[in-house]
Amino acid sequence: MKQTSLFEKKPIDPKFKPLALRMAPRTLAEFQGQSKILGDGKLLRRAIEADNLGSVIFFGPPGTGKSALARIIAAATKSHFEEANAVTIGIADIRKIIDSAKQRLSLTGKKTTLMLDEIHHFNKSQQDALLPDVEKGIITLIGITTENPFFYINAAIISRSIVFEFETLDKESLEKILENALQDAERGLAKYNIEITQDAREHLLSGAAGDARRLLNALEIGVLSIKPEGSSGGGVRHFTLEVAQESLQRRAVQYDKSGDAHYDTISAFIKSMRGTDPDATVYWLAKMLLAGEDPRFIARRIIICASEDVGNADPRALQLAVSALHAVQFVGMPEARIILSQAAIYVACAPKSNASYVAISAAMDEVKNGIERKVPNHLKDASLDAKALGHGAGYKYPHDYPGSYVEQEYFPHAVELYKPVNQGFEVKISEKLCAIRQKRSKV
């Protein structure tokens, strides 16, 4: 009789697996979201369905389906599938996988697909150990990471792979995932006889911030913590907003990304920056972030405000705002909130001028409705027609004159379009322009 060790590994009973793992999609038909890369006719979908997938890198926020898709590929492919985590394996483990892959290919002709989770944790030496066999096609690599691979993965591996970016799941995808979990009697929670209120649904969907794992974890802990009605234990479990708030450990934020609250809140945010109120600015910023607003969207609005409402009164505001967008994309949430706060507060506290905004609006109106102006001959390009047509003749090169300024016509029938305000750096600009415009008026 075979003796079984107390420590022998046994398959985990499905009922002990977390809901997020039980409800993981098993086929492409069950997979939700990522239509930009996995929709009908898209390259990635065609390659998976044809079982002809080359090395790929999946990157994006947590809970967006990267690992789930890799396991769908594992179930569908005819190649041998290996799964590993970069946190727990080293070069010796990699070499064992590679040696086995070579032997398997030689003896059976079967290729090996390696799913390497958290590949950004591999150092250069570990990545280099993979490279030759990825290049030869002995191993097909599926690298999974929440970090930007262009910063963390060797350029050589990137060049031999196709990089697919996963986006946070939209509300429609999350709704389907939530409903499937509530209705599925085998893997989901249907046996618990749950009645969930609409406001609780909305809070779970918004609080998940595009993360299916976070959504399902909150749903599961909420359901299991509710005492069912009746003494038999089989009664209705009422999943209310209060339960949803406790499950997510955050209060409900009244905010709908496609409704009035979205537009009202972003409007309040912009107007608070414009109105030099950093306290209000950072409050509305916090509300948007807690509601799951895309940090990149917020960063773009800060950039617009930095140019439209601060402008040349403090040119550094635009530089900081643009840098903030790049930093947000590089760092990601939750740390991106600090970067957005810094940029928004700087713009809010900066001296204000909408002179550039007014100038371009006036200039466009002048182009559409003002008199027609031709480019003066001395301003025309002289590289081709200088001899034949005299283009560029009489142009005075400003740097040949004191102060890099010389009187000449740049704007026929001139009108003042840019009118700097008496704020910040535009004070100096205004002084300079006043002197120049006085000289021009006398010519």
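Two strands count as paired if DSSP finds at least two bridges between them. This rule is applied here to a predicted model.

Q: What makes β2 and β3 a pair?
A: The cut-off is at least two bridges. β2 and strand β3 (residues 112–117) have six bridges, in the parallel sense. Therefore they count as paired.

Q: What is the order of the five strands in the open sheet?
A: The order is β2-β3-β4-β1-β5, and the pairing is parallel. Neighbouring strands are turned by 15° against each other on average, direction ignored.

Q: Why do β2 and β5 stand at the edges?
A: β2 (80–85) and β5 (162–165) each have a single partner strand, so one side of each is left without a neighbour in the sheet.

Q: Which strands does helix α4 lie across?
A: Helix α4 (residues 66–76) lies across β1 (56–59), β2, β3 and β4 (139–145). Helix α4 runs at about 160° to β4.

Q: Why is α16 called roughly antiparallel to α17?
A: The axes of helix α16 (residues 316–331) and helix α17 (residues 336–349) cross at roughly 170°. Angles over 145 degrees count as roughly antiparallel. Therefore α16 is roughly antiparallel to α17. The two axes come within 9 Å.

Q: Which residues make the contact of α16 with α17, and how do they divide into nonpolar, polar and charged?
A: Among them are Leu 320 and Val 328 of α16, and Ile 339 and Tyr 346 of α17. The residues of this contact divide into twelve nonpolar, one polar and one charged. Gln counts as polar and Arg as charged, and the contact includes Gln 342 of α17 and Arg 316 of α16.

Conventions
Residues numbered from 1 in each chain as written. Predicted model: local features only at pLDDT ≥ 70, side-chain atom pairs only at ≥ 80, totals over all residues. Heavy atoms only, no water. Axes fitted to C-alpha atoms, helices over the stretch in contact; angles between N-to-C directions. Helix = DSSP H or I, 4+ residues; strand = E, 2+ residues; numbered from the N terminus. Parallel < 35°, antiparallel > 145°, perpendicular 65-115°, else oblique. Contact = heavy atoms within 4.5 Å.
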